[in-house]
Amino acid sequence: ANVASHTTNAVMITDTERHVTWVNEGFTRLCGFTSSEAQGKRPSDLLHSELTNEDTVHGMREAMNVGLGCKAELMQRAKDGRDYWVDVEIQPLRDPAGDLSGFMIIESDITTRKLLQAQAEEARQSFQDLYDNAPCAYYALDENGRFLQINALGLSWLGQRAEELIGKKSPRDFFSEEGRALFDTTFPRFKREGRVSGLEYDIVG
């Protein structure tokens, strides 16, 4: 309890029915609710909102119902209406006889990390949109020359679907005989040197 009192994380202790019996100062700093406001309440009644993932909450409750701990990431809502993300770890507490006596819930604020992840995903999606809708064909190959990725225009030119190409075929399969010979010569050089330029290939049906 002494450690829980001084940690920067939010810590709650509940009884077996998940009613709060104790919170530390980190809890109040994170969500704004005082110890007296939290007493006797379930964390879900205090902190969950329409943005909280119900499937995640259901999984956590299932674990607690059989006396197990669990970990999850949840969106919660503070007393002032601010939404924030937490990494939640729930640990079962047992009395000297080994019977379940309650749970310790430890929450750390991961809002900044989740925001950065969302921004990175948005940037990735924007790049993917540019890649897919570029006015020229782009593709990436594995070390054996097979397709790893190809944009929409490239698929259109080849008359193929992505699932027909990725990991299965090579650009070489669509070149003329002369193009295949050129590919066999230049692709190993590309792997060694990292670039080749000035190449033209004829695509055949």
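Me: Where in the chain does Asn 24 lie?

Reply: Asn 24 lies in the loop between β2 (20-23) and α2 (25-31). Helices (H or I, at least four residues) and strands (E, at least two) are DSSP runs, numbered from the N terminus. This is a predicted model, in which local features need pLDDT of at least 70, side-chain atom pairs count only at pLDDT 80 or more, and totals for chains, interfaces and linings use all residues. Residues are numbered from 1 along each chain as its sequence is written, and side-chain values use heavy atoms, with hydrogens and water left out.

Me: Is Asn 24 buried or exposed?

Reply: Buried means under 20% relative accessible area, exposed over 50%, and partly exposed in between (1.4 Å probe, protein chains only). Asn 24 counts as buried because its relative accessibility is 4%.

Me: Which backbone atom lies 2.9 Å from a polar atom of the side chain of Asn 24?

Reply: A polar contact is a pair of N or O atoms within 3.5 Å; within protein, one must be able to donate a hydrogen and the other to accept it, and residues adjacent in sequence count only if both atoms are side-chain atoms. Here the atom is the backbone oxygen of Asn 9. The side chain of Asn 24 also has a polar atom 3.3 Å from the backbone nitrogen of Gly 26.

Me: How many aromatic pairs are there?

Reply: Rings of Phe, Tyr and Trp (its six-membered ring) pair if their centres lie within 6.5 Å; planes under 30 degrees apart count as stacked, over 60 as edge-to-face and the rest as tilted. The count by this rule is five aromatic pairs. Phe 175 and Tyr 201 are stacked, because their ring centres are 4.2 Å apart and their planes are at 10 degrees. This pair links distant parts of the chain, 26 residues apart: Phe 175 is in the loop between α8 (162-165) and α9 (177-193), and Tyr 201 is in the segment after α9. Phe 175, at 5% relative accessibility, counts as buried, whereas Tyr 201, at 24%, counts as partly exposed.

Me: In what order do the five strands form the open sheet?

Reply: Two strands pair if DSSP finds at least two bridges between them. The order is β2-β1-β5-β4-β3, with antiparallel pairing. The edge strands, β2 and β3 (70-77), each pair on one side only. Strand β1 (residues 10-14) pairs with β2 over three bridges, and Met 12 stands opposite Val 23 in β2.
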